[in-house]
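Trainee: Can you walk me through how helices pack here? Keep it simple, please.

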Amino acid sequence: LTITEGETIPQIASKMAKLLKTDKTTILNQWKDTNYLKTLAAKYWFINEADITNPSLLYPLEGYLYPETYYINASKPTLDEITTKMLDTMDQHLSVYKDQIAKSGFTMHQFLTLSSIVEKETIYEKDISPIAGVFINRLNKNMPLGSDITVNYALGRTGVKVTSEMLKTPSPYNTYINKGLPVGPVASVQDKTIKGVLNYTKSDYLYFFAKKDGTVVYSKTYQEHQEAIKKYKWY
């Protein structure tokens, strides 16, 4: 079972459904069950019950299942066994950074939320820390994060082109109409993104735009950002 970085809970549930020979809805329902979530919060130090039982979350375990290739030995594996395996792996990765995350000023849920946005916004590893720095600058200035990724997540869609109408989507995930971090993570997060966000690049940049080849143009002012979009927009 291979979970790829940046995949969402619905995508992971689809893969799980094939493996377990069940339907996706059954899996999503268990992963949304409040009693089940409470047992996970009691077992894992990095899961806070209040955070993952927030009724505003679309998928409570989003961002908590580590992207990895899992080898399932049991002839009839259960959903709980595989979920436990993924959470145990996340535990191993997060434990390395436990002290750093504690000192970051973010709760674990907030940290995974920010990291998941950076995960989805980044194509090349070299941009992880600079893009994280841009978002942290925006948070510090009380500016909206303005991430198209969060709008797509709220709408359950993928794609590069996000219309002005989509940007008005009423959702606690929409970082255009709500300041601060969204209500929860929007994707699975890999180790190098966790590390890159913790070691974010300090700069004066408040904007970034990815060109067609994936290279990123950083800007300090809105005017510079608009000029970059005008010059490099490809969609």
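Mentor: One term to begin with. A crossing is right-handed if the near helix is turned clockwise from the far one by less than a right angle, left-handed if anticlockwise. Helices are DSSP runs (H or I, at least four residues), numbered from the N terminus. This is a predicted model, where local features need pLDDT of at least 70, side-chain atom pairs count only at pLDDT 80 or more, and totals for chains, interfaces and linings use all residues. Residues are numbered from 1 along each chain as its sequence is written, and side-chain values use heavy atoms, without hydrogens and water.

Trainee: OK. Which way does helix 7 cross helix 8, left-handed or right-handed?

Mentor: Helix 7 passes helix 8 in a right-handed crossing. Helix 7 covers residues 108-121, and helix 8 covers residues 128-140.

Trainee: At what angle do helix 7 and helix 8 pack?

Mentor: About 130°, with the axes of helix 7 and helix 8 10 Å apart. That makes helix 7 oblique to helix 8. (Under 35 degrees is roughly parallel, over 145 roughly antiparallel, 65 to 115 roughly perpendicular, the rest oblique. Axes are fitted to C-alpha atoms over the stretch in contact, and angles run from 0 to 180 degrees between N-to-C directions.)

Trainee: Which residues meet between helix 7 and helix 8?

Mentor: Leu114, Ile117, Val118 and Glu121 come from helix 7. Helix 8 brings Ile128, Ile131, Ala132, Phe135 and Ile136. Contact means heavy atoms within 4.5 Å.

Trainee: How many of those are nonpolar, polar or charged?

Mentor: The contact of helix 7 with helix 8 has 8 nonpolar residues, no polar ones and 1 charged. (Asp, Glu, Lys and Arg are charged; Ala, Val, Leu, Ile, Met, Phe, Trp, Tyr, Cys and Pro are nonpolar; the others, Gly among them, are polar.)

Trainee: New topic. What does helix 1 do with helix 5?

Mentor: Helix 1 and helix 5 pack at about 135°, their axes 11 Å apart. They are therefore oblique to each other. Ile12, Met16, Leu19 and Leu20 in helix 1 touch Leu79, Ile82, Thr83 and Met86 in helix 5. That contact of helix 1 with helix 5 has 7 nonpolar, 1 polar and no charged residues.

Trainee: And helix 2 against helix 5, at what angle?

Mentor: About 60°, with axes 11 Å apart, for helix 2 (residues 24-32) and helix 5 (residues 79-96). The crossing of helix 2 and helix 5 is right-handed.

Trainee: Who meets whom between helix 2 and helix 5, and which residues are they?

Mentor: Ile27, Gln30 and Trp31 in helix 2 meet Leu79, Asp80, Thr83 and Met86 in helix 5. By class, the contact of helix 2 with helix 5 has 4 nonpolar, 2 polar and 1 charged residues.

Note on methods: Helices (H or I, at least four residues) and strands (E, at least two) are DSSP runs, numbered from the N terminus.
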